[in-house]
Amino acid sequence: ARLLFPLNGRRINDIRNGLPITLPVNVRGLYGIFFYNCRGFAATPQGQKLPASQVTFDVNFRLYNTDPNTGAISYLSVGQGPLPYYNMLFFATFSIMTVLWIRELASNASHVKFIHRIMLFLVVVKALSLLLES
């Protein structure tokens, strides 16, 4: 882990007054934001525990990825950008399969069993799932 935003050089009044702090991240990866209040956990060299201190603050995050070519904002995780396109593609595929399956069931109505209707239901549910995910 590496420290991306040290508070060195910031005046305490800037932080208290809610000065917006922006951190551009140019390297893809998984980032975590941690706050540690070490008072009350650390011991002095004499073995005495330091008194705990209460800390309160408000934090607002806006986390997103940008397309390096267009600069468009995407709230999807890295690598999941093309998923809506693929979901729509497979929705169209499953919709066509549904129409073909219904046509096949209608043309061979005397041989249709309950399992054939269940499979039709499965294809419809999968198509709707892909539509809603896209």
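1. In this predicted model, the axes of helix H2 (residues 83-107) and helix H3 (residues 114-133) come within 8 Å of each other and cross at roughly 160 degrees. Because angles over 145 degrees count as roughly antiparallel, H2 is classed as roughly antiparallel to H3. The handedness of the H2 and H3 crossing is left-handed.

2. The contact between the helices involves, on the H2 side, Asn87, Met88, Phe90, Phe91, Phe94, Ser95, Met97, Thr98, Trp101, Ile102 and Leu105. Their counterparts in H3 are His116, Met119, Leu120, Val123, Val124, Lys126, Ala127, Leu130, Leu131 and Glu133. Sorted by class, the contact of H2 with H3 comprises 15 nonpolar, 4 polar and 2 charged residues.

3. As to its dimensions, H2 contains 25 residues. From first C-alpha to last, H2 reaches 36 Å, close to the 36 Å expected at 1.5 Å a residue.

4. Burial within H2 deserves a separate remark. The buried residues of this helix are Asn87, Thr98 and Leu105. These buried residues of H2 pack against H3.

5. Asn87 may be considered individually. This residue is placed in helix H2. Asn87 has a relative accessibility of 11% and therefore counts as buried, the cut-off being under 20%. When neighbours within four places in sequence are left aside, Asn87 is in contact with Leu130, Glu133 and Ser134.

Technical notes
Residues are numbered from 1 along each chain as its sequence is written. This is a predicted model: local features need pLDDT of at least 70, side-chain atom pairs count only at pLDDT 80 or more; totals for chains, interfaces and linings use all residues. Side-chain values use heavy atoms; hydrogens and water are left out. Axes are lines fitted to C-alpha atoms, for helices over the stretch in contact, and angles run from 0 to 180 degrees between N-to-C directions. Helices (H or I, at least four residues) and strands (E, at least two) are DSSP runs, numbered from the N terminus. Angles under 35 degrees count as roughly parallel, over 145 as roughly antiparallel, 65 to 115 as roughly perpendicular and the rest as oblique. A crossing is left-handed if the near helix is turned anticlockwise from the far one by less than a right angle, and right-handed if clockwise. Contact means heavy atoms within 4.5 Å. Ala, Val, Leu, Ile, Met, Phe, Trp, Tyr, Cys and Pro count as nonpolar, Asp, Glu, Lys and Arg as charged, and the others, Gly among them, as polar. The expected span of a helix is 1.5 Å times one less than its number of residues. Buried means under 20% relative accessible area, exposed over 50%, partly exposed in between (1.4 Å probe, protein chains only).
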